[in-house]
Amino acid sequence: MKGRNFNLAMNLFTKGFADDAGKAFYKELYVKLAKGGTKSGIGYVDSFVEGIGIIERKTTDLSKVAKKTAESYIRAAAKYKNAISNEIGNLGDKVYLHVDNMKGYRRIF
């Protein structure tokens, strides 16, 4: 499972964890980036849990990618720090990169 299907499946699990913690959950938000990122300044956040932070996802096995690739994943996630959503406002400075090779699911918070 990759791409959007991976994200949709993981959002189901993340929503369950957010609900259990009494936190508001938002999936697939378009945001205005605080700085950098894209030419348009618009980005797409995989999910956001109020009081926890932004969650960006990659489906890969980090042990099988080059160091530069892993670093690019971190940079790509970091661009969402202080992103602004029309629905919620500023999403804050906590960004989590959730990497899963789809051999099992792990609790992310």
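## Overall composition

The protein has two helices and six strands, and reading along the sequence gives the pattern α-β-β-β-α-β-β-β. The model described here is a predicted one, with an average pLDDT of 86 for the protein and a score of at least 70 for 89% of the residues. Among the elements, helix α1, which covers residues 3–21, has the lowest mean pLDDT, at 86, while β5 has the highest, at 95.

Of the 109 residues of the protein, 33% count as buried. The protein exposes about 6700 Å², and carbon and sulfur atoms supply 52% of that area. Among contacts between residues at least 6 apart in sequence, 58% join residues that are at least 24 apart.

## Strands β2 and β3

Strands β2 and β3 pair in the antiparallel sense over three bridges, and Phe48 stands opposite Ile54 in β3. The two strands form a hairpin with three residues between them, and in this hairpin Gly51 takes a positive phi near 85°. Strand β3 is mostly covered, as five of its seven residues are buried.

Ser47 is found in strand β2, and its relative accessibility of 0% lies under the 20% cut-off, so Ser47 counts as buried. When its neighbours within four places in sequence are left aside, Ser47 is in contact with Asn11, Thr14, Phe25, Tyr26, Lys27, Glu28, Gly53, Ile54, Ile55 and Arg57. For a regular strand, the general rule is that the side chains alternate between the two faces of the sheet.

## Two aromatic pairs

A search of the whole structure finds two aromatic pairs. In one of them, the rings of Tyr26 and Phe48 have their centres 6.2 Å apart and their planes at 35°, so this pair is tilted, an angle that falls between the limits of 30 degrees for stacked and 60 degrees for edge-to-face. The pair links distant parts of the chain, since Tyr26 lies in strand β1 (residues 25–32) and Phe48 in strand β2 (residues 42–49), 22 residues apart. Tyr26 has a relative accessible area of 23% and is therefore partly exposed, whereas Phe48, at 5% relative accessibility, counts as buried.

Tyr30 and Tyr44 form another aromatic pair, which is edge-to-face, with 5.1 Å from centre to centre and 65° between the planes. This pair also links distant parts of the chain, with Tyr30 in strand β1 and Tyr44 in strand β2, 14 residues apart. Tyr30 has a relative accessible area of 60%, which is over the 50% cut-off, so Tyr30 is exposed, while Tyr44, at 25% relative accessibility, counts as partly exposed.

Val65 has its place in the loop between β3 and α2. Its relative accessibility is 22%, and Val65 therefore counts as partly exposed. Not counting residues up to four places away in sequence, Val65 touches Thr60, Ala70 and Tyr73.

Methods
Residues numbered from 1 in each chain as written. Predicted model: local features only at pLDDT ≥ 70, side-chain atom pairs only at ≥ 80, totals over all residues. Heavy atoms only, no water. Phe/Tyr/Trp six-rings, centres within 6.5 Å; stacked < 30°, edge-to-face > 60°. Helix = DSSP H or I, 4+ residues; strand = E, 2+ residues; numbered from the N terminus. Buried < 20%, exposed > 50% of the residue type's maximum accessible area, 1.4 Å probe, protein only. Pairing = 2+ DSSP bridges. Contact = heavy atoms within 4.5 Å. Areas by Shrake-Rupley, 256 points an atom, 1.4 Å probe, with all protein chains shown as cover. pLDDT = per-residue confidence, 0-100.
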